[in-house]
Amino acid sequence: MMRDLYLVRHGQVDFPNNIRRCIGWTDLPLSPKGKRQGQELGKYFRLATAKQIPVFTSPLKRASETAELLADGNPVLVEEGLKELNMGEWENIPMSQLKKSLESWPESGEQKNDGLIRIRNTLERILAKTEGDIICVAHAGLNSCLLAELLGTSLAASRALPQPYGGFNRIRVDEEGHMEVKELGVMPKRAPDVGDCVDIWEHYRTPKQVRRHCQAVCRQATDPQAALAAHEKRWKQAKEIEEIILCRLMGGGT
């Protein structure tokens, strides 16, 4: 029987003083946005599937809180093997202070190959004791180790694979346990809402005039009357330009 394994990344983390840090085993909770992302995942799975799917989670707060929100009152089972990679000397260091390349890695941290073995063994054990589809809530670093292997990409550069907060990967598992990535880094909402846009503006310190322009474009795009008026205005301007050109070609006017 073919089945789907949904490998989820937890929601956004509530970093103290809003300073983003490199965290592995550091145990931080979800931010308000992270909690919304957990709820959105729950809504997605309730609509996308006709039955209750077993939910497994890393023991770390950011993952277990996401799983509880996603499960919406249904049982959640903790799996130690879904815990994030230990980041060694990088643990809890502000991201702005880390000088790293795509393939660099902390010397004293848990090595990616060890993480790959751990998540593979954990998922095989979970699959062996369940039937049908399953949801596993884990972390970007650990998820990427498995995804890199399944996709045939570099394990050293696995950090390049898209694993957004509150996103998921759909992995098809066949009767013999072979895995194939069907969807990668998918968000339950296909487009950002107003709250998401505000978060993006705040993150990138977007100037007020740019925000106003974005809001105006959004209003026009979602208001049929405004869109029609803008179209008529552009059409009128085009006709005026056409008349000026024709007039000049015929040798009259300015």
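**Close-up views of a predicted model**

**View 1. Strand β6 is covered on both faces.** Ile 134, Cys 136 and Ala 138 on one side of β6, and Ile 135 and Val 137 on the other, are all buried (buried means under 20% relative accessible area, exposed over 50%, partly exposed in between, with a 1.4 Å probe and protein chains only). In a regular strand the side chains alternate between the two faces of the sheet. The strand spans residues 134-138; helices (H or I, at least four residues) and strands (E, at least two) are DSSP runs, numbered from the N terminus. This is a predicted model, in which local features need pLDDT of at least 70 and side-chain atom pairs count only at pLDDT 80 or more, while totals for chains, interfaces and linings use all residues. Residues are numbered from 1 along each chain as its sequence is written, and side-chain values use heavy atoms, with hydrogens and water left out.

**View 2. Strands β1 and β3 pair with β6.** Two strands pair if DSSP finds at least two bridges between them. Strand β1 (residues 3-9) runs parallel to β6 over 5 bridges, and Arg 9 stands opposite Ala 138. Strand β3 (residues 55-57) is also parallel to β6, joined by 3 bridges; here Thr 57 has Val 137 as its bridge partner.

**View 3. A salt bridge joins Arg 170 and Glu 183.** The N to O distance is 2.8 Å (a salt bridge is a side-chain nitrogen of Lys or Arg within 4 Å of a carboxyl oxygen of Asp or Glu). The pair links distant parts of the chain, with Arg 170 in strand β7 (residues 168-173) and Glu 183 in strand β8 (residues 179-186), 13 residues apart. Arg 170 is buried, at 16% relative accessible area, whereas Glu 183 is partly exposed, at 21%.

**View 4. A nonpolar patch lies on the surface.** Ile 241, Ile 245, Leu 246, Leu 249 and Met 250 form this patch, with about 580 Å² of accessible area together. Patches are made of residues with over 30% relative accessible area and no salt bridge; like charges are joined within 9 Å, and nonpolar side chains (Val, Leu, Ile, Met, Phe, Trp, Tyr) within 5 Å. Accessible areas come from the Shrake-Rupley method with a 1.4 Å probe, and for residues only the protein chains shown count as cover. Met 250 is in the segment after α7 (224-249) and counts as exposed, at 73% relative accessibility.
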